[in-house]
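Work through the exercises below with the sequence and the 3D view side by side. Try each task before reading its solution.

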Amino acid sequence: MSGSSLKIRLIMPRETHLLRQQVLRPLQSVEEMDWPGDQAAGSFHVGVDHGPVLVGVGTFIAEMHAALNGAKQYRLRGMAVHPEHRSRGIGGMILGFGIAQLRNGSADLVWCNARGTALPFYE
């Protein structure tokens with residue numbers, strides 16, 4: 001896959017649902033992928049398309065973590081990349097795009113909870 005075939009964009013919350021369900025919560029229904037904070041003011045959703053197919057998503061929500069310092073914190077949630085498109089830089093694209101958006105909005109901290117298998121990516 002060439003980098004030029006990937007396009008990153010802001011997406012609507014509902015566009016995250018199928019990949020969230022497939023990758024993160026396969027035992028739940030797609031309807032259950034509408035999560036708290038998805039529609040909140042300041043929240044935004046990032047998607048990466050490979051041609052006409054959405055292959056990666058991530059959500060950034062204005063949410064404070066009491067144990068962390070920062071007046072304007074955002075939580076990265078629901079990061080999912082289709083299994084056939086992993087290890088191709090898509091997660092990094094989502095993270096980089098989201099952080100760039102947050103820098104423009106003067107956010108001072110981005111945090112997330114991650115599965116143990118995903119820790120090396122975030123480190």
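**Exercise 1.** Leaving aside neighbours within four places in sequence, which residues is Thr 59 in contact with?

*Solution.* The model is a predicted one. Start at Thr 59 and set aside its neighbours within four places in sequence. The contacts that remain are Thr 16, Arg 20, Asp 38, Phe 44, His 45, Arg 75, Leu 76 and Arg 77.

**Exercise 2.** Find which side chains make a polar contact with the side chain of Thr 59.

*Solution.* Take the partners in turn. The side chain of Arg 20 is joined to that of Thr 59 by a polar contact of 2.8 Å. The side chain of His 45 also makes a polar contact with the Thr 59 side chain, at 2.8 Å.

**Exercise 3.** Decide whether Thr 59 is buried or exposed.

*Solution.* The relative accessibility of Thr 59 is 1%. Buried means under 20%, so Thr 59 counts as buried. Next, look at the strand around it: Thr 59 lies in β3, residues 53-62. Of the ten residues of β3, eight are buried, so the strand is largely enclosed by the rest of the structure.

**Exercise 4.** Describe how β3 pairs with β2 and with β4.

*Solution.* First take β2, residues 44-50: β2 pairs with β3 in the antiparallel sense over seven bridges. In this pairing, Val 48 stands opposite Gly 56. Then take β4, residues 73-81: six bridges join β4 to β3, and the two run antiparallel. Here Thr 59 stands opposite Arg 77, a residue also listed among the contacts of Thr 59.

Terms used:
Residues numbered from 1 in each chain as written. Predicted model: local features only at pLDDT ≥ 70, side-chain atom pairs only at ≥ 80, totals over all residues. Heavy atoms only, no water. Helix = DSSP H or I, 4+ residues; strand = E, 2+ residues; numbered from the N terminus. Buried < 20%, exposed > 50% of the residue type's maximum accessible area, 1.4 Å probe, protein only. Polar contact = N/O pair within 3.5 Å; in protein donor to acceptor, adjacent residues only side chain to side chain. Contact = heavy atoms within 4.5 Å. Pairing = 2+ DSSP bridges.
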